[in-house]
Amino acid sequence: MSATLIKGKPIAERIRAEVAEEVKATGHIGLVTVLVGDDPASEVYIRLKHKAALEAGFDARDVRLPAETSEDDLLAQVAVLNADQEIDAILVQLPLPGHIDEARILRAIAPAKDVDGLHPVNAGQLFLGKPTLVGATPVGVMAMLREHAIEIDGARAVVIGRSNIVGKPMAHLLMQANATVTICHSHTRDLPRHTLEADILVAAVGVPMMVSPDMVKTGGVVIDVGINRTEAGLVGDVDPGAAEVAAFMTPVPGGVGPMTIACLLQNAVRCARYRRGELAYPG
Ligand code: NDP
(Lines give C-alpha, C1' and ligand atoms only; values in the text may rest on other atoms or scores of the structure.)
Protein backbone atom coordinates (compact mmCIF):
# COMPACT_ATOMS: atom_id res chain seq x y z
CA MET A 1 0.00 0.00 0.00
CA SER A 2 1.14 3.54 -0.61
CA ALA A 3 -0.72 6.22 1.28
CA THR A 4 -2.62 9.05 -0.34
CA LEU A 5 -0.73 12.17 0.68
CA ILE A 6 -2.83 14.79 2.45
CA LYS A 7 -1.15 17.93 1.20
CA GLY A 8 -1.78 21.09 3.16
CA LYS A 9 -0.87 23.63 0.52
CA PRO A 10 -3.94 23.44 -1.76
CA ILE A 11 -6.36 23.49 1.18
CA ALA A 12 -4.41 26.31 2.81
CA GLU A 13 -4.42 28.34 -0.41
CA ARG A 14 -8.19 28.06 -0.63
CA ILE A 15 -8.62 29.15 2.99
CA ARG A 16 -6.24 32.07 2.48
CA ALA A 17 -8.19 33.18 -0.62
CA GLU A 18 -11.44 33.04 1.38
CA VAL A 19 -9.86 35.08 4.14
CA ALA A 20 -8.62 37.66 1.60
CA GLU A 21 -12.19 37.95 0.26
CA GLU A 22 -13.44 38.55 3.80
CA VAL A 23 -10.88 41.31 4.31
CA LYS A 24 -11.99 42.94 1.04
CA ALA A 25 -15.63 42.72 2.07
CA THR A 26 -15.11 44.10 5.57
CA GLY A 27 -12.30 46.52 4.86
CA HIS A 28 -10.11 45.79 7.84
CA ILE A 29 -8.71 42.98 9.96
CA GLY A 30 -5.91 43.83 12.35
CA LEU A 31 -3.47 41.14 13.50
CA VAL A 32 -0.48 41.88 15.68
CA THR A 33 2.33 39.44 16.29
CA VAL A 34 4.61 40.00 19.26
CA LEU A 35 8.06 38.46 19.35
CA VAL A 36 10.23 38.85 22.44
CA GLY A 37 13.90 38.08 21.85
CA ASP A 38 15.58 36.60 18.79
CA ASP A 39 14.99 32.84 18.90
CA PRO A 40 15.76 31.83 15.28
CA ALA A 41 12.89 29.31 14.93
CA SER A 42 10.42 31.86 16.33
CA GLU A 43 11.77 34.47 13.89
CA VAL A 44 10.98 32.14 10.99
CA TYR A 45 7.45 31.42 12.24
CA ILE A 46 6.73 35.11 12.83
CA ARG A 47 8.03 36.04 9.38
CA LEU A 48 5.79 33.43 7.72
CA LYS A 49 2.72 34.46 9.72
CA HIS A 50 3.31 38.15 9.11
CA LYS A 51 3.85 37.64 5.37
CA ALA A 52 0.66 35.57 5.07
CA ALA A 53 -1.31 38.22 6.97
CA LEU A 54 -0.05 40.97 4.67
CA GLU A 55 -0.86 38.88 1.58
CA ALA A 56 -4.42 38.43 2.84
CA GLY A 57 -4.74 42.22 3.10
CA PHE A 58 -4.61 42.40 6.89
CA ASP A 59 -3.43 45.38 8.82
CA ALA A 60 -0.50 43.27 10.08
CA ARG A 61 1.72 44.63 12.80
CA ASP A 62 5.00 43.04 13.75
CA VAL A 63 6.05 44.04 17.26
CA ARG A 64 9.62 43.07 18.19
CA LEU A 65 10.82 43.44 21.76
CA PRO A 66 14.31 42.79 23.13
CA ALA A 67 14.99 39.54 25.04
CA GLU A 68 15.51 41.50 28.26
CA THR A 69 11.97 42.98 28.17
CA SER A 70 10.50 42.64 31.66
CA GLU A 71 7.27 40.79 32.37
CA ASP A 72 5.63 44.05 33.49
CA ASP A 73 6.66 45.83 30.28
CA LEU A 74 5.24 42.99 28.19
CA LEU A 75 2.01 43.06 30.22
CA ALA A 76 1.80 46.81 29.58
CA GLN A 77 2.30 46.23 25.85
CA VAL A 78 -0.46 43.59 25.82
CA ALA A 79 -2.79 46.00 27.64
CA VAL A 80 -2.18 48.64 24.95
CA LEU A 81 -2.96 46.11 22.21
CA ASN A 82 -6.09 44.91 24.04
CA ALA A 83 -7.40 48.48 24.06
CA ASP A 84 -6.47 49.23 20.44
CA GLN A 85 -9.67 49.30 18.35
CA GLU A 86 -7.69 48.65 15.16
CA ILE A 87 -6.38 45.32 16.48
CA ASP A 88 -8.65 42.30 16.22
CA ALA A 89 -6.20 39.53 16.99
CA ILE A 90 -3.10 39.26 19.17
CA LEU A 91 -0.46 36.54 18.87
CA VAL A 92 2.38 36.40 21.38
CA GLN A 93 4.96 34.01 19.96
CA LEU A 94 6.06 31.27 22.35
CA PRO A 95 8.38 30.36 23.94
CA LEU A 96 8.97 33.58 25.85
CA PRO A 97 12.33 34.19 27.54
CA GLY A 98 12.68 32.23 30.80
CA HIS A 99 12.24 35.22 33.12
CA ILE A 100 8.69 35.84 31.81
CA ASP A 101 5.74 33.84 33.14
CA GLU A 102 4.03 32.70 29.92
CA ALA A 103 0.77 31.79 31.63
CA ARG A 104 0.52 35.31 33.09
CA ILE A 105 1.03 36.90 29.67
CA LEU A 106 -1.49 34.59 27.97
CA ARG A 107 -4.05 35.36 30.71
CA ALA A 108 -3.58 39.07 30.06
CA ILE A 109 -4.62 38.89 26.38
CA ALA A 110 -8.26 39.89 25.85
CA PRO A 111 -9.95 36.48 25.30
CA ALA A 112 -11.80 37.67 22.17
CA LYS A 113 -8.45 38.71 20.62
CA ASP A 114 -6.64 35.51 21.65
CA VAL A 115 -6.01 34.20 18.14
CA ASP A 116 -4.05 31.13 19.40
CA GLY A 117 -6.82 30.05 21.77
CA LEU A 118 -4.44 29.83 24.71
CA HIS A 119 -6.32 32.06 27.17
CA PRO A 120 -7.85 29.95 29.97
CA VAL A 121 -11.35 31.11 28.96
CA ASN A 122 -10.88 29.85 25.40
CA ALA A 123 -9.20 26.65 26.59
CA GLY A 124 -12.10 26.21 29.03
CA GLN A 125 -14.70 26.77 26.32
CA LEU A 126 -13.01 24.08 24.24
CA PHE A 127 -13.02 21.77 27.27
CA LEU A 128 -16.77 22.40 27.60
CA GLY A 129 -17.29 21.61 23.92
CA LYS A 130 -18.40 25.16 23.02
CA PRO A 131 -17.37 26.98 19.84
CA THR A 132 -14.45 29.28 20.57
CA LEU A 133 -10.97 30.29 19.42
CA VAL A 134 -8.91 27.10 19.11
CA GLY A 135 -5.23 26.87 18.11
CA ALA A 136 -4.62 27.01 14.38
CA THR A 137 -2.70 23.73 14.14
CA PRO A 138 -5.42 21.41 15.50
CA VAL A 139 -8.08 23.36 13.58
CA GLY A 140 -5.99 22.86 10.44
CA VAL A 141 -5.68 19.12 11.07
CA MET A 142 -9.47 18.82 11.38
CA ALA A 143 -9.86 20.67 8.08
CA MET A 144 -7.44 18.23 6.42
CA LEU A 145 -9.38 15.22 7.72
CA ARG A 146 -12.68 16.72 6.53
CA GLU A 147 -11.22 17.59 3.11
CA HIS A 148 -10.39 13.91 2.55
CA ALA A 149 -13.77 12.76 3.94
CA ILE A 150 -12.02 10.73 6.63
CA GLU A 151 -14.54 9.22 9.00
CA ILE A 152 -13.91 10.57 12.49
CA ASP A 153 -17.20 9.56 14.12
CA GLY A 154 -16.55 6.32 16.00
CA ALA A 155 -12.89 6.15 14.91
CA ARG A 156 -10.09 5.26 17.33
CA ALA A 157 -7.83 8.34 17.43
CA VAL A 158 -4.47 8.46 19.15
CA VAL A 159 -2.69 11.78 19.76
CA ILE A 160 0.96 11.61 20.75
CA GLY A 161 1.76 14.81 22.64
CA ARG A 162 -0.20 16.77 25.24
CA SER A 163 0.96 20.35 24.78
CA ASN A 164 -1.53 23.18 25.29
CA ILE A 165 -0.93 24.43 21.75
CA VAL A 166 -1.29 21.14 19.81
CA GLY A 167 -1.86 17.86 21.66
CA LYS A 168 -4.62 18.80 24.11
CA PRO A 169 -6.78 20.91 21.74
CA MET A 170 -6.29 18.26 19.04
CA ALA A 171 -7.62 15.56 21.34
CA HIS A 172 -10.61 17.72 22.29
CA LEU A 173 -11.54 18.49 18.68
CA LEU A 174 -11.34 14.79 17.77
CA MET A 175 -13.47 13.89 20.78
CA GLN A 176 -16.02 16.58 19.84
CA ALA A 177 -16.18 14.94 16.41
CA ASN A 178 -17.04 11.66 18.20
CA ALA A 179 -13.71 9.86 17.92
CA THR A 180 -12.61 7.68 20.84
CA VAL A 181 -9.40 9.42 21.81
CA THR A 182 -6.25 8.26 23.58
CA ILE A 183 -3.60 10.83 24.50
CA CYS A 184 -0.04 9.52 24.73
CA HIS A 185 3.00 11.33 26.15
CA SER A 186 6.49 10.75 27.42
CA HIS A 187 5.28 8.59 30.32
CA THR A 188 3.09 6.34 28.18
CA ARG A 189 4.03 2.67 28.51
CA ASP A 190 4.24 0.58 25.37
CA LEU A 191 3.44 3.39 22.91
CA PRO A 192 3.13 1.03 19.88
CA ARG A 193 0.31 -0.87 21.61
CA HIS A 194 -1.72 2.37 21.40
CA THR A 195 -0.58 3.64 18.03
CA LEU A 196 -1.23 0.29 16.31
CA GLU A 197 -4.92 0.62 17.19
CA ALA A 198 -5.21 4.13 15.77
CA ASP A 199 -7.55 4.65 12.84
CA ILE A 200 -6.29 8.25 13.09
CA LEU A 201 -2.82 8.84 14.52
CA VAL A 202 -1.65 12.39 15.21
CA ALA A 203 2.03 12.80 16.11
CA ALA A 204 2.87 16.12 17.82
CA VAL A 205 6.03 15.27 19.69
CA GLY A 206 9.08 17.06 18.35
CA VAL A 207 11.25 13.93 18.09
CA PRO A 208 12.46 13.30 14.53
CA MET A 209 10.85 10.21 12.96
CA MET A 210 10.00 8.63 16.31
CA VAL A 211 6.92 6.95 14.82
CA SER A 212 8.27 4.03 12.78
CA PRO A 213 6.26 2.19 10.10
CA ASP A 214 5.75 -0.77 12.42
CA MET A 215 3.88 1.50 14.87
CA VAL A 216 1.22 2.41 12.31
CA LYS A 217 -2.06 0.54 11.76
CA THR A 218 -2.42 -0.85 8.24
CA GLY A 219 -4.87 1.39 6.39
CA GLY A 220 -4.81 4.05 9.10
CA VAL A 221 -4.56 7.83 8.76
CA VAL A 222 -1.33 9.45 9.92
CA ILE A 223 -1.08 13.16 10.64
CA ASP A 224 2.47 14.31 11.23
CA VAL A 225 2.50 17.65 13.04
CA GLY A 226 6.21 17.50 13.87
CA ILE A 227 8.65 19.97 12.39
CA ASN A 228 12.20 19.05 13.28
CA ARG A 229 15.31 20.69 11.89
CA THR A 230 17.98 18.03 11.37
CA GLU A 231 21.19 17.82 9.36
CA ALA A 232 19.11 16.05 6.71
CA GLY A 233 16.73 19.04 6.57
CA LEU A 234 13.18 19.38 7.89
CA VAL A 235 11.69 16.09 9.05
CA GLY A 236 8.51 15.17 10.85
CA ASP A 237 7.82 12.99 13.88
CA VAL A 238 6.88 10.12 11.57
CA ASP A 239 9.21 8.04 9.42
CA PRO A 240 8.08 8.67 5.81
CA GLY A 241 8.23 4.88 5.35
CA ALA A 242 4.93 4.77 7.27
CA ALA A 243 3.30 5.79 3.99
CA GLU A 244 3.74 2.15 2.90
CA VAL A 245 1.42 1.10 5.73
CA ALA A 246 -1.07 3.96 6.10
CA ALA A 247 -3.95 4.77 3.76
CA PHE A 248 -3.53 8.54 4.23
CA MET A 249 -0.55 10.49 5.48
CA THR A 250 0.55 14.12 5.67
CA PRO A 251 3.99 14.96 4.25
CA VAL A 252 6.63 17.07 6.03
CA PRO A 253 7.15 19.71 4.80
CA GLY A 254 3.97 20.67 2.95
CA GLY A 255 1.47 18.99 5.25
CA VAL A 256 0.22 20.52 8.48
CA GLY A 257 2.59 23.53 8.36
CA PRO A 258 0.74 25.50 5.64
CA MET A 259 -2.57 24.75 7.36
CA THR A 260 -1.37 26.32 10.61
CA ILE A 261 -0.70 29.62 8.84
CA ALA A 262 -4.01 29.57 6.95
CA CYS A 263 -6.06 28.68 10.02
CA LEU A 264 -4.34 31.39 12.03
CA LEU A 265 -5.69 33.91 9.50
CA GLN A 266 -9.10 32.22 9.73
CA ASN A 267 -8.99 32.59 13.52
CA ALA A 268 -8.19 36.29 13.08
CA VAL A 269 -11.36 36.59 10.96
CA ARG A 270 -13.26 35.07 13.89
CA CYS A 271 -11.71 37.65 16.23
CA ALA A 272 -12.76 40.43 13.85
CA ARG A 273 -16.33 39.10 13.83
CA TYR A 274 -16.34 39.21 17.63
CA ARG A 275 -15.18 42.83 17.56
CA ARG A 276 -17.79 43.80 14.99
CA GLY A 277 -20.49 42.07 17.03
CA GLU A 278 -21.37 39.63 14.22
CA LEU A 279 -20.50 36.75 16.52
CA ALA A 280 -21.17 36.79 20.23
CA TYR A 281 -18.00 36.06 22.14
CA PRO A 282 -18.88 33.02 24.27
CA GLY A 283 -16.73 33.76 27.34
P1 NDP B 1 5.95 20.19 23.11
O2 NDP B 1 7.40 19.96 23.33
O3 NDP B 1 5.27 21.27 23.86
O4 NDP B 1 5.18 18.82 23.45
C5 NDP B 1 5.68 17.60 23.02
C6 NDP B 1 4.82 16.48 23.59
O7 NDP B 1 5.38 15.24 23.15
C8 NDP B 1 4.78 16.43 25.12
O9 NDP B 1 3.46 16.22 25.55
C10 NDP B 1 5.68 15.25 25.46
O11 NDP B 1 5.28 14.53 26.60
C12 NDP B 1 5.50 14.36 24.26
N13 NDP B 1 6.66 13.49 24.07
C14 NDP B 1 7.97 13.84 24.05
N15 NDP B 1 8.74 12.75 23.85
C16 NDP B 1 7.89 11.70 23.75
C17 NDP B 1 8.07 10.32 23.55
N18 NDP B 1 9.29 9.79 23.39
N19 NDP B 1 6.99 9.53 23.49
C20 NDP B 1 5.74 10.04 23.62
N21 NDP B 1 5.50 11.35 23.81
C22 NDP B 1 6.57 12.16 23.89
O23 NDP B 1 5.76 20.34 21.55
P24 NDP B 1 4.57 21.02 20.68
O25 NDP B 1 3.29 20.35 20.96
O26 NDP B 1 4.65 22.49 20.75
O27 NDP B 1 5.08 20.61 19.22
C28 NDP B 1 5.21 19.26 18.82
C29 NDP B 1 5.84 19.21 17.45
O30 NDP B 1 4.97 19.84 16.53
C31 NDP B 1 7.18 19.94 17.30
O32 NDP B 1 7.97 19.26 16.36
C33 NDP B 1 6.78 21.30 16.76
O34 NDP B 1 7.82 21.91 16.03
C35 NDP B 1 5.66 20.89 15.86
N36 NDP B 1 4.70 21.94 15.56
C37 NDP B 1 4.31 22.05 14.28
C38 NDP B 1 3.38 22.95 13.91
C39 NDP B 1 2.95 22.98 12.49
O40 NDP B 1 2.40 23.96 12.05
N41 NDP B 1 3.18 21.90 11.73
C42 NDP B 1 2.78 23.89 14.87
C43 NDP B 1 3.18 23.65 16.24
C44 NDP B 1 4.12 22.70 16.55
P45 NDP B 1 5.28 15.18 28.10
O46 NDP B 1 4.10 16.05 28.15
O47 NDP B 1 5.20 13.99 28.97
O48 NDP B 1 6.58 15.93 28.22
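1. No salt bridges are counted between domain 1 and domain 2; the number is zero. This is a predicted model. Polar contacts do occur between domain 1 and domain 2: four residue pairs, both partners at pLDDT 80 or more. On the domain 1 side that touches domain 2, strand S1 (4-5) and helix H2 (40-55) each supply at least two residues. H2 gives the most to that side, with three residues.

2. The division behind this count is as follows. Domain 1 covers 1-7 + 28-110, and domain 2 covers 135-255. Ten residues of domain 1 and 20 residues of domain 2 take part in the contact. The C-alpha centres of domain 1 and domain 2 are 26 Å apart.

3. Next, the area. Interface size is often quoted as the accessible area lost when the parts come together. Between domain 1 and domain 2, about 1100 Å² is buried. Carbon and sulfur atoms account for 61% of that area.

4. The largest nonpolar core has 56 residues. Helix H9 (residues 256-276) makes the largest contribution to this core, twelve residues. Domain 1 (1-7 + 28-110) and domain 2 (135-255) both give residues to this core, so it lies between them.

5. Which residues have the most contacts inside the largest nonpolar core? They are Phe58, Leu145, Leu174, Ile200 and Ile223. Take Leu145 as a place to look. Neighbours within four places in sequence aside, Leu145 is in contact with Ile150, Ile152, Leu174, Ile200, Val221 and Ile223.

Terms used
Residues are numbered from 1 along each chain as its sequence is written. This is a predicted model: local features need pLDDT of at least 70, side-chain atom pairs count only at pLDDT 80 or more; totals for chains, interfaces and linings use all residues. Side-chain values use heavy atoms; hydrogens and water are left out. A nonpolar core is a set of buried Ala, Val, Leu, Ile, Met, Phe, Trp, Tyr and Cys residues joined through side-chain atoms within 4.5 Å. Buried means under 20% relative accessible area, exposed over 50%, partly exposed in between (1.4 Å probe, protein chains only). Helices (H or I, at least four residues) and strands (E, at least two) are DSSP runs, numbered from the N terminus. Domain bounds come from an automatic or database domain assignment. Contact means heavy atoms within 4.5 Å. Buried area is the accessible area (1.4 Å probe) that two parts lose on being put together, summed over both. A salt bridge is a side-chain nitrogen of Lys or Arg within 4 Å of a carboxyl oxygen of Asp or Glu. A polar contact is a pair of N or O atoms within 3.5 Å; within protein, one must be able to donate a hydrogen and the other to accept it, and residues adjacent in sequence count only if both atoms are side-chain atoms.
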